[in-house]
Structures are given as C-alpha cells and as structure tokens.
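Okay, thanks for coming, everyone.

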Amino acid sequence: MESVPSYELTLLLLLGSRTMIDNLHKRMATLGYDDVRPAHGFAFHRLAPNGATGNELAEFLDITKQAASEMVDYLEQHGYVVRLPHPTDRRGKIVTLTDRGWSCIRETEAILSQVEAQWAAIIGTKHMEELIADLRQLITVANNGTWPQKFRPTW
C-alpha cells in the first residue's frame, strides 16, 4: 500500500513552537515583560553575548535594515537594549543588551526550561532527549552540516 504524502511534521513543528512561545509570552507578561514580542527573542539571541550592529541584526533576522532599526528603536525605548559607539568603526553603533534585556533572557530561559521539563514529563525524558537529538541532526543535515546562520521570525 502506498503512503499518502503528508506535511504533518511541518504542521506539528510549527504548532509545537507556537504553543511554547505563546505559553512563554503569557508568563513573561505576568513578570512585567508584556512589551516583548516573539520576534524580539530572535533579536536577543543575536545580541547576546557581545552585541551586534544594526546591519548584522538585519542579516541575522533576514529583514531589512530599516525594519531592524525600527526594532532596535522599540527595544531601546523599552529599556532592553542600548546603542553604543562601535569599538572599531567610529561612525558605527553596536547594539547591546541592558540589564533589563539580560533579565528578560534569564526569565525566558527559566520558563522555556520549565516548559521543556513539563513536556518531558508527558512523553518521558528519554523520548525528549531523542527528539531533541533527532531534530538537531535533521536540521544540521538539511543545512549541509552547519547550523543556520539566519533566524527569521515567523510571526
């Protein structure tokens, strides 16, 4: 019997990701981070640990320089990042996380670790470890042995 083509894995990965991120943002809002959006987490990922220029952030997020600049403006206005003089380019600026930005990252890490632990309790620790290892392998192989260098927000 022939198998019917399916895109269920794609749907499940997207729904799983969305479920985790929605849970994260509900909990972050209760901690006073109600002004952070999912796309900001992708930016924080690039800015940690040493900051980045606006152009580097745009490249990483696969968005226009203008969109990256608007995001940095927003994050700066809300106290998550600061623009500092670039250490090697007199005309440039480097965007770095503030204490509030780092605090947001630490809370995010704690919450996502808790969610992963809850999911592991449902399917079993061994299953969760295998799932993570399998996804890591699939992503690496699909990207010719490397980890993707762009992390485009999907919402």
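Before the first helix pair, a word on the angles I'll quote: axes are lines fitted to C-alpha atoms, for helices over the stretch in contact, and the angles run from 0 to 180 degrees between N-to-C directions. Also, please keep in mind that this is a predicted model.

So, the overall layout. We've got six helices and two strands in this protein. Reading from the N terminus, the order goes α-α-α-α-β-β-α-α. The C-alpha trace covers about 65 × 35 × 25 Å along its principal axes.

Now that first pair. Helix 2, residues 38–47, packs on helix 4, residues 65–77, at an angle of about 95 degrees, and the axes are 11 Å apart. With 65 to 115 degrees counting as roughly perpendicular, that's what we call helix 2 relative to helix 4. Who's touching whom? On the helix 2 side you have Ala-39, His-40, Ala-43 and Phe-44, and they meet Met-71, Tyr-74 and Leu-75 from helix 4. Sorted by class, this contact of helix 2 with helix 4 has six nonpolar residues, one polar and no charged ones.

Let's go to the other pair I picked, helix 5 and helix 6. Helix 6 is residues 125–142, and its axis comes within 6 Å of the helix 5 axis, crossing at roughly 115 degrees. The tally for the contact of helix 5 with helix 6 is five nonpolar, two polar and one charged.

While we're here, look at the surface. Trp-119, Ile-122, Ile-123 and Leu-131 make up a nonpolar patch, together about 380 Å² of accessible area. Which helix gives the largest share of the patch? That's helix 5, residues 99–123, with three residues.

On to charges. Searching the whole structure turns up six salt bridges. One I'd like to show you is Asp-22 with Arg-18, where the side chains meet at 2.9 Å, N to O. Both belong to helix 1, residues 8–30, and because they're four residues apart there, about one helical turn separates them.

As a reminder, most residues other than glycine have a negative phi, and most peptide bonds are trans. Here, though, Ala-48 and Pro-49 are joined by a cis peptide bond, with omega about 0 degrees. Pro-49 is in the loop between helix 2 and helix 3. Then there's Asp-62, a residue other than glycine with a positive phi, near 60 degrees. You'll find Asp-62 in the loop between helix 3 and helix 4.

That's my tour, over to you.

Key: Residues are numbered from 1 along each chain as its sequence is written. This is a predicted model: local features need pLDDT of at least 70, side-chain atom pairs count only at pLDDT 80 or more; totals for chains, interfaces and linings use all residues. Side-chain values use heavy atoms; hydrogens and water are left out. Angles under 35 degrees count as roughly parallel, over 145 as roughly antiparallel, 65 to 115 as roughly perpendicular and the rest as oblique. Contact means heavy atoms within 4.5 Å. Ala, Val, Leu, Ile, Met, Phe, Trp, Tyr, Cys and Pro count as nonpolar, Asp, Glu, Lys and Arg as charged, and the others, Gly among them, as polar. Patches are made of residues with over 30% relative accessible area and no salt bridge: like charges are joined within 9 Å, nonpolar side chains (Val, Leu, Ile, Met, Phe, Trp, Tyr) within 5 Å. Accessible areas come from the Shrake-Rupley method with a 1.4 Å probe; for residues, only the protein chains shown count as cover. A salt bridge is a side-chain nitrogen of Lys or Arg within 4 Å of a carboxyl oxygen of Asp or Glu.
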